[in-house]
Amino acid sequence: MVDGEELKRRWERTVEALFRERVIKSEAVKRAFLKYPRYLFVEKRYWSYAHIDEPLPIPAGQTISAPHMVAIMLELTELKPGMRVLEIGTGSGWNAALISELVKTDVYTVERIPELVEFAHRNLERAGVRNVHIFLGDGTKGFPPKAPYDRIIVTAGAPKIPEPLVEQLRPGGRLIIPVGRYHLWQDLYVVEKTEDGKIRKKHWGSVAFVPLIGEHGWRE
Ligand code: SAM
């Protein structure tokens with residue numbers, strides 16, 4: 001078993017490499033990555049792989065995304081302190097922890113699998129994160145009690161953009177979402193709601209996420 005110091009060193013090397021390659025572009029995202037290393041959000045048997053830039057398994061057949069993918073999405077989201085953010089697909093809780101460090105306020109995240117709600121709670125507690133609020137449910141419906149949101153980040157692949165998520169965006173807000181095929185390639189979209197309520201979609205590139213399952217997503 002690799003000791004804690006070695007895990008930390010390996011993680012710092014990964015973060016430095018992502019920064020050098022301009023995948024992590026901002027000091028803020030770099031700081032968040034260093035504060036919440038990925039090994040805190042995977043099961044013990046995966047600790048020594050957490051620095052490798054690949055997705056890893058988490059319980060219930062789901063995945064924690066590769067560090068580069070998480071960095072790309074966070075940079076596209078352009079989070080600022082005080083923004084109200086909703087994440088769909090809590091998984092391990094890692095991305096929510098990073099978001100909370102960037103916005104420095106409460107973050108809302110929805111997960112459909114009860115086992116993962118528990119898993120994320122445990123991970124966030126161990127990492128000392130206090131301002132992430134996890135809700136069990138179908139995130140394709142968004143989370144109306146805390147709407148509207150400045151940013152919505154979807155970390156699972158949808159067949160189409162769920163209408164409730166667009167509705168729950170604040171004018172000037174931004175939705176980041178992979179849209180495409182079930183389990184295969186999706187296109188990552190940045191959807192912006194202009195101040196006068198118009199929708200603009202920009203395509204970033206191809207990604208591969210587990211499916212977004214729900215009323216406005218894929219059917220089980
Ligand atoms: N953001 C996560 C992290 O930091 O570990 C990784 C997310 S994993 C790639 C995708 C997650 O989306 C899975 O945990 C899956 O159960 C969840 N998911 C799929 N459909 C969902 C839905 N309709 N509502 C909420 N969560 C959903």
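Visitor: Where is Ala60 found in this structure?
Guide: Welcome, and please keep in mind that the model is predicted. Ala60 counts as partly exposed, with a relative accessibility of 34%. As for its place in the chain, Ala60 is in the loop between β1 (56-58) and β2.

Visitor: What is the phi of Ala60, which is not a glycine?
Guide: Most residues other than glycine have a negative phi. Ala60 is not a glycine, yet its phi is positive, at about 65 degrees.

Visitor: Where is the place of Glu78, which also comes up when we talk about phi?
Guide: Glu78 is not a glycine but has a positive phi of about 50 degrees. Glu78 counts as partly exposed because its relative accessibility is 40%. Its place is in the loop between α3 (67-77) and β3.

Visitor: Which kind of peptide bond joins Ala147 and Pro148, cis or trans?
Guide: Most peptide bonds are trans. Pro148 belongs to the loop between β5 (132-136) and β6 (149-154). The bond from Ala147 to Pro148 has an omega of about 5 degrees, and this peptide bond is cis.

Visitor: Let's turn to charged side chains. How many salt bridges does a search of the whole structure find?
Guide: Side chains of opposite charge can pair when their charged atoms come close. One example is a network of salt bridges that links Glu6, Arg9 and Arg10. Over the whole structure, the number of salt bridges found is 13.

Visitor: What separates Glu12 and Lys8 in helix α1?
Guide: These two residues form a salt bridge, and their closest N and O atoms are 3.4 Å apart. Glu12 is partly exposed at 33% relative accessibility, and Lys8 is partly exposed at 41%. Since they are four residues apart in helix α1 (residues 4-20), the separation between Glu12 and Lys8 is about one helical turn.

Visitor: How many residues apart in sequence are the parts that Lys30 and Glu16 tie together?
Guide: The side chains of Lys30 and Glu16 form a salt bridge, with N and O 3.2 Å apart. Lys30 belongs to helix α2 (residues 27-35) and Glu16 to helix α1, so the parts they tie together are apart in sequence by 14 residues.

Visitor: Is Lys104 buried or exposed?
Guide: Lys104 forms a salt bridge with Glu101, where the closest N and O atoms are 3.1 Å apart. On the Glu101 side, a relative accessibility of 16% makes that residue buried. Exposed means over 50%. Lys104 reaches 55%, so Lys104 counts as exposed.

Visitor: And what about the ligand: which residues around it come nearest?
Guide: The ligand sits in the largest pocket. There are 26 residues around the ligand, and those that come nearest are Gly89, Ser92, Glu111, Gly139 and Ile213.

Visitor: Which element supplies the largest share of the shell around the ligand?
Guide: At least two residues of the shell come from each of β2 (62-64), β3 (85-88), α4 (94-103) and β4 (107-111). The largest share is three residues, and it comes from β2.

Visitor: With which side chain does Thr109 make a polar contact?
Guide: Thr109 is part of strand β4. At 0% relative accessibility, Thr109 counts as buried. Its side chain makes a polar contact, at 2.8 Å, with the side chain of Thr90.

Visitor: What distance separates the C-alpha atoms of Glu215 and Thr140?
Guide: Glu215 lies in the segment after β9 (199-208) and is partly exposed at 44% relative accessibility. Along the chain, Glu215 and Thr140 are 75 residues apart, while the separation of their C-alpha atoms is 6.4 Å.

How values were computed: Residues are numbered from 1 along each chain as its sequence is written. This is a predicted model: local features need pLDDT of at least 70, side-chain atom pairs count only at pLDDT 80 or more; totals for chains, interfaces and linings use all residues. Side-chain values use heavy atoms; hydrogens and water are left out. A salt bridge is a side-chain nitrogen of Lys or Arg within 4 Å of a carboxyl oxygen of Asp or Glu. Buried means under 20% relative accessible area, exposed over 50%, partly exposed in between (1.4 Å probe, protein chains only). A residue is near a molecule or strand if one of its heavy atoms lies within 4 Å of it. On a 1 Å grid over the protein atoms alone, a cavity is a set of points where a 1.4 Å probe fits but cannot get out, and a pocket is an open set with protein on both sides within 12 Å along at least five of seven lines; lining residues have an atom within 4 Å of a point. A molecule sits in a cavity or pocket if more than half of its atoms lie within 2 Å of its grid points. A polar contact is a pair of N or O atoms within 3.5 Å; within protein, one must be able to donate a hydrogen and the other to accept it, and residues adjacent in sequence count only if both atoms are side-chain atoms.
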